[in-house]
Amino acid sequence: MKLFITIGILLLSLQGMAQQDSTAVVDSTEPVKSTFTIGATYVNNADYYGQKSVEKMPYVAAAAVFHHKSGLYVTGMAYRLLNDSQRVVSASALGLGFTKDIGKRFNLDLSYSHTFYPALSPFLQAANANNANLGITYTNWLAVSAEVDYAFGKTNDVFVTAGLSKLISLGSITPKDLVTLQPSAKVTAGTQRFYETYVTEKNIRDSILGVIPIPPIIGQPGTEPTITTTVSSSFDLLSYNFKLPLAYNRAHYMVELAYQLSLLSEQAQTGAGKLNSFISASFYYQF
């Protein structure tokens, strides 16, 4: 769900997806080796734990990750909002992480990323340029995951996400490929201090354009700032997220189409009870 590390996680999963389901694609008995992967993606709207900005924010992104055989990895990403006529790069990010298998079923992932936003960025999460993540996944018939994110910068927020997913092989078109489907369901809870900064900076952007500003909390005109602070700093359920990625895998590349449906909770300041949908198309190549 995290906009600026999701691509990195997908890149890291490219090899693992093939290994789990088809020896025709990757020989899983081969020793672990270092890999370098590049990717590109299009998304119809920026997603932050199932939430989205008031503005529509379709974007394209390019990413690269070097994954050392020791488990250390480095990521780099660049984003271009398609409705941003002022910049070639709307945001960029660098990340460092470590992943390790614990026994046959558990995987531990620890990472940190920093995103470089321009002044008055329209991204919902622009207040928190830094993100530290700890994730644990148990894989059996289903993959069960738990993640904790600490996002900090101008403000600071904590998010906890629990998820279930299942990798399903749909068969092969040729002896050297594999088609997979990986439905997942995730629930996220957290604080929402980032939203105060988003509203403040959006009102500044709108004042420059002569647009009527939005109130501190959508749907609650006249809310006092002290109430806004109390609500945004409380730890609440934020969203239920359901994703359906369809992928075509070869030994060195993957093409993926994905649809995500997110239901916001009644406590979500970005639009209580709303349904958000996200569509993405991605391509990854691994050396």
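Modeller: Happy to! One term comes first: a residue is called buried when its relative accessible area is under 20%, exposed when it is over 50%, and partly exposed in between, using a 1.4 Å probe and protein chains only. Please keep in mind that this is a predicted model, where local features need pLDDT of at least 70 and side-chain atom pairs count only at pLDDT 80 or more, while totals for chains, interfaces and linings use all residues. Residues are numbered from 1 along each chain as its sequence is written, and side-chain values use heavy atoms, leaving out hydrogens and water.

The chain has 287 residues, and 44% of them are buried. Its secondary structure amounts to three helices and 14 strands; these are DSSP runs numbered from the N terminus, with helices (H or I) of at least four residues and strands (E) of at least two.

My pick is strand β8, residues 156-165. Its side chains alternate between two faces. Asp157, Phe159, Thr161, Gly163 and Ser165 point to one face and are buried.

Now for the neighbours of β8, where two strands count as paired if DSSP finds at least two bridges between them. Strand β7 (residues 143-152) runs antiparallel to β8 and is joined to it by ten bridges. The two form a hairpin, with three residues between them. In one of these pairings, Val144 has Leu164 of β8 as its bridge partner. Strand β11 (residues 184-190) is also antiparallel to β8, and seven bridges join the two. Here Ala162 stands opposite Val187 of β11.

Side chains of opposite charge can pair when their charged atoms come close. Lys186 and Glu147 form a salt bridge, at 3.7 Å from N to O; the term asks for a side-chain nitrogen of Lys or Arg within 4 Å of a carboxyl oxygen of Asp or Glu. Lys186 belongs to β11 and Glu147 to β7, so this pair ties together parts that are 39 residues apart in sequence. Lys186 is partly exposed, with a relative accessible area of 21%, whereas Glu147 is buried at 12%.

The whole structure holds five salt bridges. Another of them joins Arg250 to Asp177, at 4.0 Å from N to O. Arg250 sits in the loop between β12 (236-249) and β13, and Asp177 in the loop between β9 (168-171) and β10 (178-181), so parts 73 residues apart in sequence are tied together. Arg250 is partly exposed at 24%, while Asp177 is buried at 0% relative accessibility. Asp84 and Arg87 make a further salt bridge, with their closest N and O atoms 3.6 Å apart. Asp84 counts as buried at 10%, and Arg87 as partly exposed at 29%.

Next come the nonpolar cores, each a set of buried Ala, Val, Leu, Ile, Met, Phe, Trp, Tyr and Cys residues joined through side-chain atoms within 4.5 Å. The largest has 14 residues, and Tyr59, Tyr79, Tyr117 and Phe123 have the most contacts inside it. Strands β2 and β3 (72-81) each supply at least two residues of this core. Another core, of ten residues, lies apart from it and includes Phe159 along with Phe194, Tyr198 and Val199.

Ser265 is buried, with a relative accessible area of 5%. Leaving aside residues up to four places away in sequence, Ser265 touches Leu237, Leu238, Ser239, Ala272 and Gly273, a contact being heavy atoms within 4.5 Å. Ser239 is 26 residues away along the chain, yet its C-alpha atom is 5.4 Å from that of Ser265.
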